[in-house]
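Dear colleague,

Please find the structure below. My notes on selected features follow it.

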Amino acid sequence: MERFTLANCRIVDGTGTPGFTGFVTVVDHRIERVATTPPTLAGTHIEADGLTVTPGFIDMHSHSDLTLFADGRAVSKISQGITLEIIGQCGISGAPLYGHMQDEVGKFFDRHQLKRPYSSMKEYLNFIDGQMAVNILALIGHGTLRRGVMGEGDAPASVEEIRAMQEAVDAAMQAGAVGLSTGLIYPPGCYTPTDEVVEVTRPIARYQGLYFSHLRNEGDTLVEAVDEALRIGREAGVGVQLSHHKAMGPHNWGKTRITLEHIDQAIASGQDVYMDQYPYVASATSLTALLPDWALIGGAQKALERLRDDTLLRRIMNETEAKESRFGWDRTRIGTVRDGQDRRLQGKSLARIAENWGMAPVTALIKILQDNEMQVSMIRFGMGEEDVERVFRHPRTLVGTDGGGSAPDGPLSQGNPHPRTYGTFPRVLAEFVREKHWVSLEEAIHRMTGLAAQRLGLKNRGRIASGYVADLVLLDSDRVDDVATFENPHQTAEGIHRVYVNGSLVWHDNRHTGRMPGRALRYYEER
Ligand SMILES: [Zn+2]
């Protein structure tokens, strides 16, 4: 039996109450004792004078569904203090896989020379359990499910198809999923009528599951999109998590004033609503998201065919130009290009690339999409500081990276990810707490831990208290800082001294210990 005590540290326990100096004793995977006096029993004594101990951070919005298979160490997450990731977001999940989605997701495994040993949510959770450093809770991705059951079409689901999706959702919830996510801005979510989303979400209510929504729009029709997500939660009878809440495009800045009002009204009327956010003014997603929805119907190959058809291409370019010139071509930078493509484009704006190439930005965009066969990401500087502040100051806002796992070495070290995948939680503590004083350290930690656990209904996590699971972070609150930048993202944060997952030391002295104590949590067991 392993027993250790973090001694003389400031304990910020995740409840939001003021920190105090004391001793935290862990036995095996649980916190045994929290006190202001030293323990009398023997065990390893870790002097932590000057450091702060907090519960492990809960990443409310993670895309590590497949990256955990390629590198279970989850370095970018563990190194910033994350001990639990909520994966399967934005309608995209690792499981369950039906129909052609087995081949689609299989491509990831081929690329990393791995075997895909699962199809169902149950098999997915069983396989990943104990293969990773971090704990996970998994959502069912509505897009992954719908594509598997219905193919790549844009027609609404038939009664039979809705029933098939409901049965699949029910089975995945029984296997331990936490709820359902939609990406209503992406295919096939953008073709899915609201009523259909309600029907497919309905089965999770029986399991107290949660509905996570990447909204149908985050700019011109943001307010309507928030109202739609609230309606889906109301009609399906489930709690709503509004993902990475923001207002995109300078002409939409300030709209969070209205969205937060609508959210407050919903909460006042008894609805269960929370948000999450990452602390940056730039977002990241697939470059294809710049094209009109109709241009993407049927998948990447169909979209490429449309780009080869002169009439359709002209229409696509006109619609994209109208939208993007208003947004600003200088605000969108290329993220990661496809293997074998020109890496010098990574990090450059479409305006700059177009200038270098001597063509219009929209023409450069089409060329990049074609050269990369649509497999290219972007980083967009579309948010205003005031909206970021307003959203963070709301007491229902939690924290999420919106990133998949990465690492400065190994198979996930390639590409140019958004720095949020390494820096989100330290950046909140450094910028929003220490520099700007938007909230106290205790309040920020509460949002990252205790409140997130409460939102998820987890009975044994998110607090430093006797009997709770020992997911712990030992940090220096004066020094904690994000280091990852847009230019050089593969850098781990500073000031995170130790990270324990289920009582096991995973991050120590800026190094991963190589341990893999992470569990695939089953939602029904954790409540
Ligand atoms: Zn999203």
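Thr256, Arg257 and Leu260 in helix 9 meet Asp387, Arg390 and Val391 in helix 14 (two residues are in contact if their C-beta atoms, placed from the backbone, lie within 7 Å). By class, this contact has two nonpolar, one polar and three charged residues. The model is predicted, so local features need pLDDT of at least 70 and side-chain atom pairs count only at pLDDT 80 or more, while totals for chains, interfaces and linings use all residues. Residues are numbered from 1 along each chain as its sequence is written.

Two cis peptide bonds deserve attention. One runs from Ala95 to Pro96, with omega near 0°, and Pro96 is found in the loop between strand 7 (82–87) and helix 3 (101–111). Another joins Pro187 and Pro188, with omega about 0°. Most peptide bonds are trans, and most residues other than glycine have a negative phi.

Positive phi values also occur. Phi of His437 is near 55°, and that of Asn502 is near 50°. Is His437 buried or exposed? His437 is exposed, with 8 other C-beta atoms within 10 Å, whereas Asn502 counts as buried, with 21 C-beta neighbours inside 10 Å (buried requires 20 or more other C-beta atoms within 10 Å, exposed 12 or fewer, and partly exposed lies in between).

Yours sincerely

Note on methods: Helices (H or I, at least four residues) and strands (E, at least two) are DSSP runs, numbered from the N terminus. Ala, Val, Leu, Ile, Met, Phe, Trp, Tyr, Cys and Pro count as nonpolar, Asp, Glu, Lys and Arg as charged, and the others, Gly among them, as polar.
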